[in-house]
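Dear colleague,

Please find below the structure that I am handing over to you.

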Amino acid sequence: MKHTLAILVENKPGVLTRVAGLFSRRAFNIESLAVGVTEKPDTSRMTIVVSGDEHVFEQVMKQLNKLIDVIRVSEIPAGDAVNRELALIKVGVDSSTRAEVMQIVTVFRAKIVDVGIKSLVIEITGDEEKINAMEQLLRHFGIKEMVRTGKIAINRGAKTVKVGK
Amino acid sequence: MAKIKISGARAVIESLYKEGVEVIFGYPGGTVLPLYDELYDADIRHILVRHEQAAAHAADGYARATGKVGVCLATSGPGATNLVTGIATAYMDSVPMVAITGQVPSTMIGNDAFQEANITGITLPITKHNYLIQDAKDIPRVFKEAFYIAGTGRPGPVLIDIPKDVQIELIDFEYPEEINLRGYKPTAAGNEQQVKRAASLILDSDRPIFYVGGGIIISEASKELLNLAETLKAPVTTTLMGMSAFPTSHPLSVGMLGMHGTKYANFAIQESDLIIAVGVRFDDRVTGKISAFAPNAKIIHIDIDPAEIGKNVRVDLPIVGDAKNVLKSLLNHVKDGKARTGEWNKKISVWKKETPLTYRKDDLLRPQYVVEQLNAVCPDAIIATEVGQNQMWAAQFFDFKTPRTFISSGGLGTMGYGFPAGMGAKVGKPDSTVIVVAGDGSFQMNSQELATVVQNDIPVIVAILNNGFLGMVRQWQELFFDRRYSETCMHNCVDFVKLAEAYGALGLRATKKSEVRHVIEEAVKSGRPTVIDFVVEREENVSPMVPAGAAINEILELE
């Protein structure tokens with residue numbers, strides 16, 4: 001079972017190490033991790049996808065809450081949230097395949113951000129499934145390199161994850 | 001308040017004054033020279049140890065004996081890494097401690113400079129929190145936070161790493177009045193609704209038992225526990241960490257539970273219908289085979305650390321809060337109820353009669369007898385233990401009456417802990433008799449501290465139960481490895497009397513039962529740091545014993 005966590009932390013050096021270290025020493029599995037500053041410059045937000053049963057997940061939440069630099073931990077429910085990931089994919093092309101790849105990019109509403117004689121760099125955002133689907137298709141043309149950000153997530157509607165509730 | 005410009009090192013001393021620190025256990029070195037220069041005429045006692053590990057253990061023992069935050073100090077690199085075992089020991093047993101380390105100048109960090117070690121990285125998993133100070137202006141805030149974090153909630157060690165250049169930098173010193181930690185707000189009061197539910201579960205039960213640990217001692221809830229147990233007429237069992245939280249000779253006490261607990265404590269847990277667990281963490285040494293633990297009992301778990309609840313066992317009713325607060329309000333809810341524990345207590349007293357904690361009482365000098373005699377001569381002593389058989393015998397055969405009189409490394413099981421911890425306890429409680437119950441193996445892990453106790457006139461008594469073996473490991477080899485005593489024999493290696501004398505301490509020896517009482521009395525009378533070499537039966541076992549992986553009522557009596 002996968003869970004998505006939004007973790008608000010102090011925007012200080014070393015905090016990522018504390019969080020990541022906790023996962024490794026408690027034998028919790030991180031599937032994906034993304035981090036960046038929030039609307040408040042002193043606060044960063046991590047989005048972590050963990051796998052494990054309910055018991056493991058409960059321990060993850062509690063242990064995270066014990067870290068002094070962790071301000072708030074909340075679960076982003078799978079159904080009621082916007083999940084996004086960004087990927088940059090470098091695909092090998094030649095004159096016979098370039099048009100086809102560009103067509104796929106259009107269908108997926110992705111973007112071509114760099115054009116070379118033998119390659120294209122494609123930028124795609126979307127949920128995990130969409131990016132996986134794109135990757136599958138592009139594999140036929142030869143993926144030379146790929147980089148993904150890891151998932152970020154936000155609740156739908158008025159519900160927020162904020163400091164001090 | 002008028003501001004004065006002072007160095008970072010001076011700011012550290014001023015911060016320690018503000019926190020009421022009276023004593024530091026430490027060892028100097030290159031990167032803490034500015035700090036030691038300030039200590040030279042500071043109004044803080046400094047105990048110069050002979051190994052930094054002992055500084056950490058002594059600060060720990062001081063903290064456990066007094067309830068105050070213990071402070072230790074070491075230089076960068078090897079000084080800092082030598083603290084690591086002591087910090088890990090304190091972390092496992094929730095001991096409030098602030099460890100201060102020097103660091104190479106901030107401009108050199110990351111360059112593999114001389115005596116550089118990334119001590120904040122190293123201690124990340126064994127501290128409650130740690131700091132690398134990069135700007136001297138942060139010193140007052142960091143110290144304020146560190147002492148607060150170390151001493152509140154579930155206590156624990158906090159490390160502060162201070163580069164040498166930061167110690168020299170000049171700052172305006174102003175100690176903060178308030179703490180603003182967005183991510184740290186421990187819950188002290190228990191949820192009132194949960195407490196009410198707990199009260200009705202308790203009044204509904206026929207066979208309740210209190211299972212209490214170090215949390216009672218930390219929150220100073222012994223009086224509340226005693227009131228509650230007497231009101232409910234419910235038996236009390238303590239963990240190793242909970243020894244001294246409840247008087248062991250009280251009629252409701254069933255002593256320690258678990259691997260080397262009393263049979264009747266283990267039977268009582270297994271047959272109870274309600275466990276009121278307070279300040280405990282259901283450690284594997286306590287529960288034995290977890291699936292067979294207390295099969296018929298509901299569990300109320302009271303702890304200040306929410307992460308402990310439901311970690312190892314399913315809990316029927318959790319209460320997050322400080323033990324003292326929760327027990328106090330629990331008492332209000334049950335005091336008018338009627339206890340129906342008559343049958344239950346009768347059953348337990350039969351078990352007590354049938355399966356007492358005992359050993360063979362013949363003419364031979366057995367280690368249990370030594371502990372009994374220590375108890376007879378010094379009934380109010382603080383007992384610090386090493387780890388292994390000596391630790392178990394001290395827990396089993398000394399009669400603990402008041403909290404903070406049993407000081408032992410429970411979670412980490414650190415050999416070499418007891419002697420320096422006893423030294424720290426004696427510094428914190430100079431009017432108490434402090435006895436270190438040691439094994440010959442453990443004592444040799446930090447015996448160099450004899451120099452420290454002599455130099456600083458810290459008259460602890462080290463009672464070595466000398467069997468010439470790493471006794472607990474030997475016991476396991478006897479029971480589970482066909483008596484193949486692989487590397488556990490240390491027979492006749494050290495003359496402990498001469499060792500003591502070499503350091504200027506008093507050395508005494510007893511080889512017969514008849515000599516035991518006399519040497520203990522002589523040690524007490526001398527008022528000097530003393531080592532007593534009790535040459536005891538070599539292959540005595542700690543009994544009873546729950547084999548690893550068995551249920552706790554499958555407890556064996558050993559020869």
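**Domains and their contacts**

In chain B, the domain assignment gives domain 1 (5-172), domain 2 (192-354) and domain 3 (367-535). Please bear in mind throughout that this is a predicted model.

Domain 1 of chain B and domain 3 of chain B have C-alpha centres that lie 29 Å apart. Between these two domains, 25 residues of domain 1 of chain B are in contact with 26 residues of domain 3 of chain B. On the side of domain 1 of chain B that touches domain 3 of chain B, at least two residues each are supplied by strand 2 (23-26), strand 3 (45-48), helix 3 (52-66) and helix 4 (78-92) of chain B. Helix 3 of chain B provides the largest share of that side, with 11 residues. By class, that side of domain 1 of chain B has 12 nonpolar, nine polar and four charged residues.

Turning to chain A, the domain assignment gives domain 1 (2-76) and domain 2 (83-152). The C-alpha centres of domain 1 of chain A and domain 2 of chain A are 30 Å apart. Six residues from domain 1 of chain A and four residues from domain 2 of chain A make up the contact. On the side of domain 1 of chain A that touches domain 2 of chain A, the elements giving two or more residues are strand 2 (29-37) and strand 3 (43-51) of chain A. Strand 2 of chain A gives the most to that side, with three residues. The residues of that side of domain 1 of chain A divide into three nonpolar, three polar and no charged.

Yours sincerely

Definitions and conventions: Residues are numbered from 1 along each chain as its sequence is written. Chains are lettered from A and ligands numbered from 1 in the order in which they are written. This is a predicted model: local features need pLDDT of at least 70, side-chain atom pairs count only at pLDDT 80 or more; totals for chains, interfaces and linings use all residues. Domain bounds come from an automatic or database domain assignment. Two residues are in contact if their C-beta atoms, placed from the backbone, lie within 7 Å. Helices (H or I, at least four residues) and strands (E, at least two) are DSSP runs, numbered from the N terminus. Ala, Val, Leu, Ile, Met, Phe, Trp, Tyr, Cys and Pro count as nonpolar, Asp, Glu, Lys and Arg as charged, and the others, Gly among them, as polar.
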